[in-house]
Amino acid sequence: MHMKKAAVAVAVLSALGANTLAQTCPDYGPALTYPVTKKSAQSDNYHGTTIADPYRWLEDANSSETQAWVEAQNKVTQGYLATIPQRDAIRQRLTKLWNYERYSVPYKEGGRYFYSRNDGLQNQAVLYTMAELSDTPRVLLDPNKLAADGTVALAGIAVSPNGSLLAYGTAASGSDWNEWKVRDIATGKDLADHLKWVKFSATAWTRDGKGFFYSRYDEPKEATKLADVNYFQKLYYHKIGTPQLADTLVYDRPDEKEWGFRAHTTDDGHYLVITATKGTAHKYRVFYKDLTKPGAKVLPLIDNFDAAYDFIDNVGPVFYFNTDRKAPRQRIVAIDTRKPGEANWKTIVPEQTETLVAAQMLNQQLVIEYLADARSAVKVVDLTGKPVRDIGLPGIGSVAGFSGKRGDAETFYSFTGYTNPTTIYRLDMASGKSEVFRQPKVDFDPAQYETRQQFFTSRDGTKVPMFIVSKKGIKLDGSNPTYLYGYGGFNISMTPAFSPANLAWMEMGGVYVSVNLRGGGEYGEAWHEAGTKLRKQNVFDDFIGAAEWLIANRVTSPAKLAIGGGSNGGLLVGAALTQRPELFGAAIPQVGVMDMLRFHKFTIGWAWTSDYGSSENPEEFKALVKYSPLHNLKPGTCYPATMVTTADHDDRVVPAHSFKFAATEQAAQGGSAPVIIRIDTKAGHGAGKPTTKQIEEVADRWGFLVKSLKM
């Protein structure tokens with residue numbers, strides 16, 4: 001694609017605004033008839049401001065009224081989607097594209113290799129093991145046998161240091177709640193060990209293989225376990241062969257209900273390293289315990305939430321961390337536990353122009369992953385920080401992996417891009433040479449597609465990048481159906497990745513665009529903080545700025561432009577469609593945070609206040625109520641075609657967000673564009689979703705856009 005700058009056109013488009021452009025509602029045909037959603041007189045007083053909440057009753061997911069509403073809404077939604085003739089063909093093509101081998105990055109423990117593989121259309125990937133890379137892999141755990149419909153997923157694994165036992169967690173129907181069991185790797189049989197009420201936990205074995213550390217919450221009430229708030233996480237040690245009731249409490253903070261704990265044991269077995277978190281903020285405290293001394297206490301190493309500290313490894317009593325302390329794009333420091341004061345810290349790798357995202361100690365060296373304008377780069381340095389080599393990558397894309405121990409001479413990593421299916425490489429640390437370990441074959445020709453990175457200027461003058469992916473040679477006449485995707489929060493970086501769903505969209509003539517919004521981690525902590533709390537509007541301005549650039553440069557036009565995003569990205573879509581409804585032809589907010597005044601009252605929602613702020617704070621309330629999607633829908637407005645998506649077992653962003661937003665938008669819609677809500681069953685926030693459910697959801701999404709954008 002060849003595109004010219006169109007700053008003047010963007011400025012004109014911005015100046016016109018909603019009032020000028022939205023004179024008449026676009027014609028979407030006869031308006032749908034929606035179920036009647038009753039309104040209550042419920043209201044709340046926030047710092048002197050009264051806010052109505054007429055659909056509060058929909059927050060009770062277990063009530064018969066809510067369940068009847070869900071059934072009635074799904075009937076309208078499925079009835080509408082059934083009228084789209086292209087949907088079956090889309091589903092068939094998605095099924096064919098999805099049918100390719102997919103591998104996880106292998107890792108080695110106790111003299112064995114472990115990795116997962118999906119043969120194509122399996123609902124869940126299967127875990128394999130082998131002693132040598134040349135051996136025939138053996139199935140160790142097949143999650144597809146745990147539930148006939150594939151709705152039980154593997155949520156985590158940890159292999160004992162001698163390679164004899166596998167601790168593994170499972171999640172049912174997409175819930176964040178996990179149950180952990182232990183399997184004998186030689187026999188493939190489960191032991192009696194069974195741990196419950198585990199959530200947001202790491203798992204760390206002791207070197208003797210007799211047990212492991214994990215984090216859990218107290219047992220919740222069964223009826224409300226998917227909605228009740230989660231506080232007071234505790235760190236336990238589980239000894240193999242004993243019941244959970246006998247587990248030893250290692251660390252908790254009864255005085256700090258919001259603290260969470262992540263355990264890590266050093267490879268030499270000497271230390272337990274505890275990372276304490278508070279909400280989703282990337283600011284940690286670090287504690288440690290000497291495991292070689294019976295009765296040793298947990299000691300503080302870094303005892304304030306002032307920065308991120310990600311433990312890499314230890315060399316004796318010296319701990320290595322990557323941190324953004326006095327380095328917004330991160331650096332690597334060595335902290336001697338015998339002299340832990342910050343004045344004694346030693347900088348091993350100083351902050352670079354690229355953003356450091358991860359580091360691992362291998363072959364007595366550090367392998368460091370960087371992001372340069374949201375694309376991966378990998379460098380190797382020695383333990384003093386002296387450069388050894390750069391690892392060459394195949395193009396614009398993202399890497400992951402590089403696990404292992406300090407003495408390992410080999411490791412594995414994955415590389416993926418928008419038109420590069422995830423390929424697994426083996427890296428020889430001594431020579432620096434990479435070789436393909438597993439490479440999938442997908443039913444498409446990548447040479448027909450192109451990925452380009454485009455920078456545009458946001459409302460306040462900030463330069464923001466986006467990736468534009470499409471078939472080669474598209475015409476810049478404003479007619480291209482375009483799916484604009486974003487997230488913009490929680491320090492999460494949106495980097496290139498292959499997706500059969502997006503490939504199907506581009507095959508149909510669509511353009512896929514992913515924006516690296518502020519609030520993410522692409523350019524370090526300053527970029528993240530620029531999209532949080534009182535500055536959250538920057539994120540929406542960036543997203544709207546991307547849309548304006550695409551329209552001004554004739555990639556697409558409002559009638560052909562759809563927006564999508566999930567979770568915090570669902571909030572993004574909700575804010576964009578309420579602030580600039582005339583700019584889009586369709587919107588798909590997925591499992592979104594839509595009620596910004598009450599999100600903190602459910603499950604782990606309180607943890608998001610580090611990014612969002614809280615309605616309980618007067619100044620933050622003023623910012624939240626200005627953009628909260630639920631509270632900015634205005635009756636009689638021409639909203640674009642909207643398909644809200646959620647799931648009945650979503651205990652991350654509870655479905656009440658989507659229920660209330662959909663009901664409000666249906667009542668407010670001033671035009672004939674459909675406003676439907678797709679409510680999945682036996683599904684959650686997205687993790688572990690079976691392949692069949694993924695294909696069904698994407699077929700509905702693209703089918704909805706085919707009709708809404710008149711493709």
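## Model and conventions

The model is predicted, so local features need a pLDDT of at least 70 and side-chain atom pairs count only at pLDDT 80 or more, while totals for chains, interfaces and linings use all residues. Residues are numbered from 1 along each chain as its sequence is written, and side-chain values use heavy atoms, with hydrogens and water left out.

The pLDDT, the predictor's confidence in each residue from 0 to 100, averages 94 over the chain, and 96% of the residues score at least 70. Residues 1-23 have a pLDDT below 50; beyond near neighbours in sequence, this stretch has 33 contacts in the model, a contact being heavy atoms within 4.5 Å.

## Nonpolar cores

A nonpolar core is a set of buried Ala, Val, Leu, Ile, Met, Phe, Trp, Tyr and Cys residues joined through side-chain atoms within 4.5 Å. Buried means under 20% relative accessible area, exposed over 50%, and partly exposed in between, with a 1.4 Å probe and protein chains only. The largest core has 70 residues, of which Trp69, Met466, Leu484, Val515, Trp608 and Tyr612 touch the most other members. Helix 6 (residues 537-552) supplies the largest share of this core, nine residues. Helices (H or I, at least four residues) and strands (E, at least two) are DSSP runs numbered from the N terminus.

Leaving aside residues up to four places away in sequence, Val515 touches Phe456, Val464, Pro465, Met466, Leu484, Tyr485, Gly486, Met494, Phe543 and Ala546. A second, separate core of 38 residues includes Tyr100, Phe498, Trp702 and Phe704.

## Cavities

A cavity is a set of points, on a 1 Å grid over the protein atoms alone, where a 1.4 Å probe fits but cannot get out; lining residues have an atom within 4 Å of a point. Grid points are joined across faces, edges and corners, and a volume is the space filled by probe spheres set on the points. Searching the whole structure gives four cavities of 30 Å³ or more.

The second largest cavity has a volume of about 40 Å³. Its lining consists of Glu59, Asp595, Arg598, Phe599, Phe602, Val654, Ala656, His657 and Lys660. These divide into four nonpolar, one polar and four charged residues.

## Positive phi values

Most residues other than glycine have a negative phi. Asp373, not a glycine, has a positive phi of about 50 degrees. Asp373 is found in the loop between strand 25 (365-372) and strand 26 (375-382) and is partly exposed, with a relative accessible area of 32%.

Thr603, also not a glycine, has a positive phi of about 35 degrees. The loop that holds Thr603 runs between strand 37 (586-590) and helix 8 (609-612). Thr603 is buried, at a relative accessible area of 0%.

Tyr483 lies in strand 34 (residues 482-485) and is buried, with a relative accessible area of 1%. Not counting residues up to four places away in sequence, Tyr483 touches Trp505, Val511, Tyr512, Val513, Ala562, Ile563, Gly564, Gly565, Gln590, Arg701, Trp702 and Leu705.

Pro496 lies in the loop between strand 34 and helix 4 (500-507) and counts as buried at 0% relative accessibility. With residues up to four places away in sequence again left out, Pro496 touches Ala374, Ile396, Gly397, Ser398, Thr416, Gly417, Tyr418 and Phe467.

How values were computed
1 Å grid on protein atoms, 1.4 Å probe; cavity = no way out; pocket = protein on both sides within 12 Å on 5 of 7 lines; lining within 4 Å. Nonpolar A, V, L, I, M, F, W, Y, C, P; charged D, E, K, R; others polar.
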